[in-house]
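Okay, thanks for coming, everyone. Let me put the model up on the screen, and then I'll walk you through one part of it.

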Amino acid sequence: MDWLPHIVVKAEDDASVKTATTALRTFDTGFPGHKATVHCIGARAHTVCKEWCSAGGHTLLEYQPSIRQSQLHYAIVKGSRLPVVLIRGTAVFYDDLSDYSTTKLFGACLLYTSDAADEGLGVDLGGRRII
């Protein structure tokens, strides 16, 4: 399956950097062989994100701390016609999840996919139907 994995990392303070970057450390378990785009909000986790992206050939995008995560999530999903994996930095992967065929959200806010919106369909996300 062609995926567009996006990891959104936001660490509020230096003490939360390790927790905020858990998805980076477990990404290869959840999506082996895939490359991710890391969206790093603020400077707290910048070094960890930059090193992980450089070592694995991933893409790093940086944002000011004032950006709202919900706006960023919406822009990521809306900008893609392929299934998007939208991952909050605090997610942990224990199994290979790469053969699903719909947009997946891990620890992210609820959104709808652009395909579902175009077709007037909702997306079922854990008991909530988004239309």
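**One β-α-β unit and its cysteines**

So, let's start here: E2, H3 and E3 make a right-handed β-α-β unit. Right-handed means that, with the strands pointing away from you, the path from the first strand over the helix to the second runs clockwise.

Quick housekeeping. This is a predicted model, where local features need pLDDT of at least 70 and side-chain atom pairs count only at pLDDT 80 or more, while totals for chains, interfaces and linings use all residues. Residues are numbered from 1 along each chain as its sequence is written, and side-chain values use heavy atoms, with hydrogens and water left out.

Back to the strands. E2 and E3 run parallel, joined by 5 bridges; for two strands to pair, DSSP has to find at least two bridges between them. Cys-40 stands opposite Glu-62 in E3.

Now the helix, H3, residues 46-56. Which of its residues are buried? Cys-49, Trp-52 and Cys-53 are, where buried means under 20% relative accessible area, exposed over 50%, and partly exposed in between, with a 1.4 Å probe and protein chains only. They sit on the same side of H3, because they cover an arc of only 95 degrees around the axis, taking the directions from the helix axis to the C-beta atoms. Glu-51, Ser-54 and Ala-55, on the other side, are exposed.

And what do the buried residues of H3 pack against? Strand E1 (4-10), helix H2 (22-30), strand E2 (37-41) and strand E3 (59-63), with contact meaning heavy atoms within 4.5 Å. Just after H3, Gly-57 has a positive phi of about 75 degrees.

For Cys-40, the nearest cysteine sulfur is that of Cys-49, 3.8 Å away. Cys-53 also has the sulfur of Cys-49 as its nearest, at 6.4 Å. Cys-40 counts as buried because its relative accessibility is 0%, and Cys-53 is buried too, at 4%.

Zooming out to finish: the protein has 5 helices and 7 strands, and 44% of its 131 residues are buried.

Definitions and conventions. Helices (H or I, at least four residues) and strands (E, at least two) are DSSP runs, numbered from the N terminus. A disulfide is a pair of cysteine sulfur atoms within 2.5 Å.
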